[in-house]
Amino acid sequence: MAKKGNSQKKQIVKVMKYELKYESGCADFNEMQNELWKLQRQTREVMNRTIQLCYHWSYVQADYCKQHGCARRDVKPCDVYETNATSLDGYIYQLFKDEYPNFLMANLIATLRKAHQKYDALLFDIQKGNSSIPSFKKDQPLIFEKEAISIPKHLSDKRQITLSCFSKPYKSAHPTLDKITFTVRARSASEKSIFDNIISGKYALGTSQLVYEKKKWFFLLSYKFTPESVDVNLEKVLGVDLGVVNALCAGSVENPHDSLFIKGTEAIEQIRRLEARKRDLQKQARYPGDGRIGHGTKTRVSPVYQTRDAIARMQDTLNHRWSRALIDFACKKGYGTIQMEDLSGIKALESEKPYLKHWTYFDLQSKIIYKAEEKGIRVVKVNPKCTSIRCSACGYISKENRKNQAEFLCVNVNCGYHHNADYNAAQNLSIPQIDRLIEKQLKEQESEENEAGSNPK
């Protein structure tokens with residue numbers, strides 16, 4: 001029986017970045033800035049001190065277990081310290097609540113919890129010596145629990161967000177402070193749609209962050225939603241190949257007529273020209289004109305930053321567009337599984353696949369993955385070895401099969417399969433466990449060649 005996708009309703013968590021404009025909540029704009037910067041400095045202190053306490057707690061736990069012969073999971077802070085807290089987060093909160101009285105309680109708990117989660121995520125690597133103890137910089141974002149975020153629903157002409165930043169005692173001591181309200185600058189259709197879905201209740205708010213970048217405040221709005229039901233078959237596999245002539249090509253050996261080609265040559269060539277322009281600007285920055293002399297390094301290299309940002313925006317936009325086209329195609333054709341090359345070691349692959357350095361393929365894959373999750377489509381990554389030089393018709397593997405970037409012609413005398421090279425690779429990637437089949441085929445071909453060499457005619 002065919003397995004249907006999206007059988008379990010797993011919530012998707014995503015983040016959208018919004019630019020903010022200050023409206024009210026403080027005596028003036030400068031007071032708002034100063035209070036938020038103060039909270040930002042304290043957020044860094046809280047997170048770094050939390051990391052230190054987590055590190056110390058791991059040794060305290062080990063010593064206690066050694067003395068009392070118990071398991072680590074059974075050791076609680078109240079067993080070791082003079083506290084009634086049964087969890088480490090609760091103990092740390094008790095230490096911090098009086099030291100940082102301006103923090104709203106929910107935000108303080110969310111802040112130290114985030115640092116604790118960061119430590120736990122790296123704990124294994126720290127113990128193995130593969131990672132250092134994490135530390136947080138002074139530009140650390142402010143963390144807001146969902147209870148501290150309010151979005152007015154009655155406004156029809158604009159979008160606003162109100163943040164509870166300070167504790168009641170701190171606001172009582174500072175009468176000019178209240179909840180801070182910002183106008184949200186939602187420019188694109190997707191930004192407006194997401195914000196409106198939160199207002200309507202279709203999306204649920206999550207723990208979010210307030211950041212200060214380039215002299216502006218931005219809100220990283222976290223939201224959750226349950227993916228819509230899509231009728232896809234998990235046993236139907238769509239192979240996806242990433243390349244230059246075709247930035248993205250999708251195909252299937254089971255359904256040869258199902259194919260998707262997204263041309264990437266023009267876009268990648270434009271990126272190359274922008275990269276070349278950026279390098280020229282970097283050289284020119286050594287000899288600036290009179291208008292840029294004496295204004296610091298940032299002024300000298302500002303055109304370089306502008307070009308770099310233009311490149312990043314273009315890549316991000318196209319990766320969103322291409323990944324959306326792929327997922328729409330998979331949904332239309334009923335594919336419940338997408339199989340792609342594993343690009344986790346992308347630097348090591350660049351010698352074999354030099355085109356990887358000219359586009360953010362890892363970002364493209366990331367966008368494909370989270371868009372697939374929204375539709376209940378599974379994504380599988382496989383070893384990319386030989387997927388581009390294997391014949392999808394007969395399985396024969398040879399570098400001679402692909403003499404150029406665009407064309408595939410099987411040199412096996414019993415085959416002669418001829419097709420677009422990217423489509424052939426996509427068909428290979430649509431075969432379940434293709435990496436194992438390739439390893440088996442290589443061994444068989446090597447055995448046949450050795451046998452032929454030892455028994456010449």
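**Entry 1: salt bridges**

I searched the whole structure for salt bridges and found 15, taking a salt bridge to be a side-chain nitrogen of Lys or Arg within 4 Å of a carboxyl oxygen of Asp or Glu. I note that this is a predicted model, in which local features need pLDDT of at least 70 and side-chain atom pairs count only at pLDDT 80 or more, while totals for chains, interfaces and linings use all residues. Residues are numbered from 1 along each chain as its sequence is written, and side-chain values use heavy atoms, with hydrogens and water left out.

I looked up Arg-187 and Glu-19, whose side chains meet in a salt bridge at 3.0 Å, N to O. This pair links distant parts of the chain, with Arg-187 in the loop between β5 and α6 and Glu-19 in strand β1, 168 residues apart; helices (H or I, at least four residues) and strands (E, at least two) are DSSP runs, numbered from the N terminus. Arg-187 is exposed at a relative accessible area of 55%, whereas Glu-19 counts as buried at 9%; buried means under 20% relative accessible area, exposed over 50%, and partly exposed in between, with a 1.4 Å probe and protein chains only. I also found that Glu-19, Arg-185, Arg-187 and Lys-216 are linked in a network of salt bridges.

I then turned to Glu-99 and Arg-49, whose side chains form a salt bridge at 2.6 Å, N to O. Glu-99 lies in the loop between α3 (88–96) and α4 (105–128) and Arg-49 in helix α1 (residues 29–68), so I record a link between distant parts of the chain, 50 residues apart. Glu-99, at 44% relative accessibility, is partly exposed, and Arg-49, at 30%, is partly exposed.

In helix α11 I checked Lys-367 and Asp-363, which lie four residues apart, about one turn of the helix. Their closest N and O atoms are 2.8 Å apart in a salt bridge; Lys-367 is buried at 6%, while Asp-363 is partly exposed at 26%.

**Entry 2: strand β5 and its partners**

I asked how enclosed β5 (residues 180–185) is, and found that five of its six residues are buried, so the strand is largely enclosed by the rest of the structure. Strand β1 (residues 12–24) pairs with β5 in the antiparallel sense over five bridges, where two strands pair if DSSP finds at least two bridges between them. In this pairing I see Tyr-22 opposite Phe-182. Strand β4 (residues 160–163) also runs antiparallel to β5, joined by four bridges, and there Gln-160 stands opposite Thr-183.

**Entry 3: the five-stranded sheet**

I traced an open sheet of five strands in the order β11-β10-β9-β12-β13, with mixed pairing. β11 (259–263) and β13 (378–382) are at the edges with a single partner strand each, so one side of each is left without a neighbour in the sheet. Within this sheet I looked at β9 (residues 233–242) and β12 (residues 335–341), which run parallel and are joined by five bridges, with Val-237 opposite Thr-337.

**Entry 4: pocket lining**

I looked at which element gives the largest share of the lining of the largest pocket, and it is α9, with seven residues. By class, I list 11 nonpolar, seven polar and 18 charged residues in that lining; Ala, Val, Leu, Ile, Met, Phe, Trp, Tyr, Cys and Pro count as nonpolar, Asp, Glu, Lys and Arg as charged, and the others, Gly among them, as polar.
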